[in-house]
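Biologist: Before we turn to the details, please show the sequence together with the structure.

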Amino acid sequence: MAAGSNQVEVLMETTIEHARQVVPSMLGTVETVENGIIFRTSTIHLSWVAHFLINLDFPVHVLKPDELRDLLRQIASKISREVATKGT
């Protein structure tokens, strides 16, 4: 792993076939594990991973790193504020 990079592991609630369709091999790997499908990658910039995960059509659960989970919460909060502001 490169210095300063983050190991990413995300549990995906989908089939391995669907995961392979939506996760290009250059982005990372997907594999079947006991409790589902795991997406793994390594990156310095977590923002692209967060935006990639947001656009998937199935639920995901960030296993690591905690910083990715926090970033997703920040994005969700921002979207929620934007929607609330636009609706008034």
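Modeller: In what follows, contact means heavy atoms within 4.5 Å. This is a predicted model, in which local features need pLDDT of at least 70 and side-chain atom pairs count only at pLDDT 80 or more, while totals for chains, interfaces and linings use all residues. Residues are numbered from 1 along each chain as its sequence is written, and side-chain values use heavy atoms, with hydrogens and water left out.

Biologist: With which residues is V10 in contact, leaving aside its neighbours within four places in sequence?

Modeller: The neighbours within four places are set aside for this list. The contacts of V10 are then I37, I38, F39, L53, V60, H61, V62, L63 and L68.

Biologist: In what order do the elements of the protein run from the N terminus on?

Modeller: Helices (H or I, at least four residues) and strands (E, at least two) are DSSP runs, numbered from the N terminus. The protein has 3 helices and 4 strands. From the N terminus on, their order is β-α-β-β-α-β-α.

Biologist: Which residue in strand 3 is the bridge partner of E9?

Modeller: Two strands pair if DSSP finds at least two bridges between them. Strand 1 and strand 3 pair over 7 bridges in the antiparallel sense. Within strand 3, the bridge partner of E9 is R40.

Biologist: Is V62 buried or exposed?

Modeller: V62 belongs to strand 4 (residues 60-64). Leaving aside neighbours within four places in sequence, V62 is in contact with E9, V10, L53, L68, R69 and L72. Because its relative accessibility is 12%, V62 counts as buried.

Biologist: Why is the pair of rings of F39 and F52 described as tilted?

Modeller: Rings of Phe, Tyr and Trp (its six-membered ring) pair if their centres lie within 6.5 Å; planes under 30 degrees apart count as stacked, over 60 as edge-to-face and the rest as tilted. By this rule the count comes to 1 aromatic pair. The ring centres of F39 and F52 are 5.8 Å apart and the planes stand at 45°, so the pair is tilted.

Biologist: How many residues apart in sequence are the parts that the pair of F39 and F52 ties together?

Modeller: F39 is buried at 0% relative accessibility, and F52 is buried at 15%. Because F39 lies in strand 3 and F52 in helix 2, the pair ties together parts whose separation in sequence is 13 residues.

How values were computed
Buried < 20%, exposed > 50% of the residue type's maximum accessible area, 1.4 Å probe, protein only.
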